[in-house]
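I am opening the notebook on this chain and want to work through it in order, from the whole fold down to single residues. The sequence and structure go in here before any notes.

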Amino acid sequence: MLEVMKFAPVSIFVLLAPGIAFAQPLPGDAVAGKVLAMRSCAGCHAVAQEQNQPASDGVPAFLTLARDPAVSERHLRTHLQTPHARMPSVPLSRREIEDVISYILSMRLAN
Ligand code: HEC
């Protein structure tokens, strides 16, 4: 519960952010995806637009991924479902994967 409270203002920001009237359906819940990203991914990735610098060198910011046309929904899903050399697997449920993909793609739509 405390965890949820901590990120509540962020979720509200996402909800109110202009441009989040999605032109295309997203596979999951982008707001839940942002909360998850702040919790599970922000240690290495810059996950939010407000963060300019990635937390670690050589780790792509989510906004950079969102702006890369080569990064499709399928690409993100594959990446999150298969182990990667330099990125340790973060255990995510199918639902969480869809949510975090939605969050990343929502940044593309908003920009
Ligand atoms: C311990 C550090 C670490 C954590 C935690 C982490 N990542 Fe990564 N991630 C990396 C590194 C390093 C790379 C670049 C190397 C690679 O692609 O394997 C990367 C690359 C990526 C890529 C790009 C793959 C590509 O090249 O197209 C995506 C998407 C991604 N991470 C998503 C996530 C998500 C979503 C989370 C949270 C659920 C997360 N990462 C958590 C370190 C991390």
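Burial first: I call a residue buried if 20 or more other C-beta atoms lie within 10 Å of its own, and exposed if 12 or fewer do. With that cut-off, I find that 24% of the 111 residues in the protein chain are buried. I keep in mind that the model is predicted.

Entry on the fold. I looked up the secondary structure and found five helices and zero strands, which read along the sequence as α-α-α-α-α. I then turned to contacts between residues at least 6 apart in sequence, and noted that 62% of them join residues at least 24 apart.

Entry on confidence. How far does the predictor trust the chain, as given by its mean pLDDT? The mean pLDDT is 79, and 71% of the residues reach 70 or more. Going helix by helix, I found the lowest confidence in helix H1 (residues 2-16), at a mean of 51, and the highest in H2, at 94. Over residues 11-21 the pLDDT is below 50, although beyond near neighbours in sequence this stretch has 13 contacts in the model.

Entry on the core. Which residues touch the most other members of the largest nonpolar core? This core has 19 residues, and the ones I wrote down are Ala-37, Phe-62, Ala-66, Val-100, Ile-101 and Ile-104. Two or more residues each come from helix H2 (30-40), helix H3 (62-67) and helix H5 (94-110), and H5 gives the largest share, seven residues. As a general remark, nonpolar side chains tend to be buried together in soluble globular proteins.

Entry on two single residues.

Key
Residues are numbered from 1 along each chain as its sequence is written. This is a predicted model: local features need pLDDT of at least 70, side-chain atom pairs count only at pLDDT 80 or more; totals for chains, interfaces and linings use all residues. A nonpolar core is a set of buried Ala, Val, Leu, Ile, Met, Phe, Trp, Tyr and Cys residues joined through C-beta atoms within 7 Å. Helices (H or I, at least four residues) and strands (E, at least two) are DSSP runs, numbered from the N terminus. Two residues are in contact if their C-beta atoms, placed from the backbone, lie within 7 Å. pLDDT is the predictor's confidence in each residue, from 0 to 100.
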